[in-house]
Amino acid sequence: GSHEPHDNEPLTREILSLRAEKAALLDRTNFPALVLSRRMAGDPKTALAFVDDLHERTKEAFDREMEEVLDCKARHGGNREEFFPWEIAYWTERLRREKFAFDEEELRPYFALPRVMEGLFHLSGKVFGVQVQKVEDAPAAWHPDVDTWCLRDARDDRVLGYFYTDWYPREDKRGGAWMNPLLSGQRLQGGTLSPHIGVIAGNLTPPVGNKPALLTHREVETLFHEFGHLLHHLLSEVSIPGLGGTNVAWDFVELPSQIMENWCWERESLDLFARHHETGDAIPGELFRKLIASRQFGAAQFQMRQLSFAKLDLELHLLGERGSSIDFDAFAEKLLADYRPPVTVLPKNNLRSFSHLFAGETGYASGYYSYKWAEVLDADAFTRFKTEGLLNAETGRAFREAVLARGNSAPPEDLFRAFMGRDPRPQALLARLGLSG
């Protein structure tokens, strides 16, 4: 029975049907073939093989994690034989607290926003050869909290770009965090580009009284992430704005942002800026160990969830016109039997509310796998920094020249190869998540 007007199913079916039709009009076998011809994966077969391979490599750890969660339930007098979808999050969290008496809030005093930004700019200076300075006499921006910054090349002092930072929530501001390119530089007579202009915005915890804004570790990661997107935009050396900066294949665009997050998890780089805002002390060893261990907790469960969405997305779109008339529930159940927790009652699949696939042209339809794809790229690329030095300027310059400066002026796989000397491998991501053995 349909629950009009709140049932998305007819709309979902219509969208699938129109996508199949569009692909046929453009002489492609199916919608994923159309979408992926412009992505790094290249074709549906490669994207599916990628998802299936990661699934294989994650399954054992996933089953082990689920056993642990069930053990935890049993320890607290619950029945192991019954496991309901709505309990998973509860028992997982219970287990996390038992394993790491660790509260994210303990880290907040070490992440005062001004100090974190200073550390981020210092780190980017060392690694990518840039200098960031606040523009003190800048014209007023759209809000008094917004600051204006100038980014220069450390080698020749050339102004590469300007950017605004807009960090705190306001009534009329959207949620989340993002980077917007405002202007792409144009080629000037002497051959250099005029400055690029961008903005990074977030909704960070604002300062209270005379205390600085104190961030969670997650917020610090977010800040590094958005600055990665910004560097991609401001360090572009591409003459044609439409091919510069972040205008790259969808499964490559998160590499510059996600790779920046890695420096938030390394002792050497954290010590540059993570200092107690009152005492100036670095993060105590015990707290740091807990932070690192907590990163890997539940990693297989989270990865499996992402992979199930990616699998569902690709397989559904590969059905072409047939996808619009199948029984969604039977299809999802059969497809994902090997991806879900060992539950007694089957959870509802999310096809009728999967906004990433059906709410607008975001690029995630037949592209949900790109989250994981980009993670493989960033974990792999970061291994070169781990080998050659986290703050190695030569490695940083290589990344800047091979990836950040080049936008979409060459195929992404060529850019990756120019930096790593080979094709990407999934081992580094699995190691980072603690899933590799």
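How many nonpolar, polar and charged residues does the lining of the largest cavity have, by class? The answer is six nonpolar, three polar and two charged. Here Ala, Val, Leu, Ile, Met, Phe, Trp, Tyr, Cys and Pro count as nonpolar, Asp, Glu, Lys and Arg as charged, and the others, Gly among them, as polar.

A word on the source: this is a predicted model, in which local features need pLDDT of at least 70 and side-chain atom pairs count only at pLDDT 80 or more, while totals for chains, interfaces and linings use all residues. Residues are numbered from 1 along each chain as its sequence is written, and side-chain values use heavy atoms, with hydrogens and water left out.

Let me continue with the cavities. On a 1 Å grid over the protein atoms alone, a cavity is a set of points where a 1.4 Å probe fits but cannot get out, and a pocket is an open set with protein on both sides within 12 Å along at least five of seven lines; lining residues have an atom within 4 Å of a point. Grid points are joined across faces, edges and corners, and a volume is the space filled by probe spheres set on the points. The count comes to two cavities of 30 Å³ or more.

The largest cavity has a volume of about 50 Å³, and its lining includes R158, H196 and E237. The second largest cavity holds about 30 Å³. Its lining consists of F50, V51, Q306, L307, A310, Y368, Y369, Y371 and K372. Two or more of these residues come from each of α3, α10 (299-318) and α13, with α10 giving the largest share, three residues. Helices (H or I, at least four residues) and strands (E, at least two) are DSSP runs, numbered from the N terminus.

Next, the packing. A nonpolar core is a set of buried Ala, Val, Leu, Ile, Met, Phe, Trp, Tyr and Cys residues joined through side-chain atoms within 4.5 Å. The largest such core has 117 residues, of which F111, F224, F227 and W263 touch the most other members. Helix α3 (residues 44-75) gives the most to this core, with 11 residues. A second, separate core of five residues includes A23, F31, L34 and A365. In soluble globular proteins, nonpolar side chains tend to be buried together.

D157 has a phi near 65 degrees and lies in the loop between β2 (147-153) and β3 (159-166). S366 has a phi of about 65 degrees and is found in the loop between α12 and α13 (370-388). Is each buried or exposed, or in between? Buried means under 20% relative accessible area, exposed over 50%, and partly exposed in between (1.4 Å probe, protein chains only). D157 is at 43% relative accessibility, so it counts as partly exposed. S366, with a relative accessible area of 0%, is buried.
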